Amino acid sequence: MARDARRWTTGDVSPVGYHEHVERARALYGRLVGVPADRVATGSQTSVFTGMVAAGLPDGAEVVVVEGDFSSLVYPFLVQAERPHPTREGGRITVRSVPRQELCTSLREETAAVVYSHSQSACGSLTAPDAVRRAAEAVGALTVCDVTQSAGWQAVDASLADVTVCSAYKWLCHPRGVAYMTVSERAMDALVPVNAGWYAGEVVWDSMYGPAMQLSSRASRFDVSPGWPLWPGAVAALEDFLQVPTGAVNAHDVALTNRLRAGLGLAPSDSAIVSLPMPPEAAQAAERAGLTLSQRAGGVRLSFHVWNTEQDVDRALEVLAPFAQRG
Ligand SMILES: Cc1ncc(COP(=O)(O)O)c(C=O)c1O
């Protein structure tokens, strides 16, 4: 990206060159999550893709979401629920929130879509996509899975959901502003490309002016045109991640998380994310010690990844243990 930025300053870059980066990233991401490139849409943010899914749901659809899931996954559906239904009382769609543990058992005949995170944002709890798929199949619902907090440290098989969305700036170490969506054959027909622009065309270079419109026959019909300078970074990150088995990253990340958990007297877990109910002063103390962690849902959240070492965990323990002892 730095090399590319230097070329940008001298005007020595071109849309055609960036397009090649986007297509390479599309193919590499598809390989990482187990779907062909023509089932991968490229874009900017999770909420842009979920907004597209929500806007395309038919009037009267019921959507089941998980309590406490990240708002970029949930708000687009709530926004559609606030719009009036065209012919009867109430919202255009209805949204029902359920506890994560009850997701599979809460689906019913009228459920059109079930929306959940593979790994929950605030605490890292995992939901099994094959279990949700089985439950959704029984009622004919579309499955929409956010893999933002899992792709990169947890094996992701995107073919287990009709739609997956991923903001790749987290565990896939992309620049902020790159997101991917995968689309099953069924979802290709069900989704409406409400953000279609020139990048959604069958041939992007022939799709610059209307009113003639030939949308892509591939998932690229859901593309949002790229923030060009980000995509060399996307390719570089994906090339790295494809060189290391996800199992090895998982073992590294989970071992570091469990080292912290053990130091705080907590049982081991299978997550790379740990959320601790601690006061804001804990986060402030960590910051003063040069550690970077998040304040989320009334506590601190630590997530260990490829750049972390056991020394990082031990420094975090030094800072956080006194807060844990105070309860
Ligand atoms: C599960 C999940 N999805 C998506 C995002 C980011 O969403 P967006 O790309 O809309 O900013 C986050 C950020 O924390 C997240 O935790």
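Colleague: How many disulfides does a search of the whole structure find?

Modeller: Zero, searching the whole structure; a disulfide here is a pair of cysteine sulfur atoms within 2.5 Å. Keep in mind that this is a predicted model, where local features need pLDDT of at least 70, side-chain atom pairs count only at pLDDT 80 or more, and totals for chains, interfaces and linings use all residues. Residues are numbered from 1 along each chain as its sequence is written, and side-chain values use heavy atoms, with hydrogens and water left out.

Colleague: Is C145 buried or exposed?

Modeller: C145 is buried, at a relative accessible area of 2%. C166 is buried too, at 1%. Buried means under 20% relative accessible area, exposed over 50%, and partly exposed in between, using a 1.4 Å probe and protein chains only.

Colleague: Switching to the ligand: which residues are closest?

Modeller: S72, S121, D146, Q149 and S167 are the closest of the 13 residues that surround the ligand. A residue is near a molecule if one of its heavy atoms lies within 4 Å of it.

Colleague: How does that shell divide into nonpolar, polar and charged?

Modeller: Two are nonpolar, eight polar and three charged. Ala, Val, Leu, Ile, Met, Phe, Trp, Tyr, Cys and Pro count as nonpolar, Asp, Glu, Lys and Arg as charged, and the others, Gly among them, as polar.

Colleague: How much of the ligand does the protein bury?

Modeller: The protein buries 95% of the 400 Å² that the ligand exposes when taken alone; these areas come from the Shrake-Rupley method with a 1.4 Å probe, and for residues only the protein chains shown count as cover.

Colleague: Last one, is H118 buried or exposed?

Modeller: H118 counts as buried, at 6% relative accessibility.
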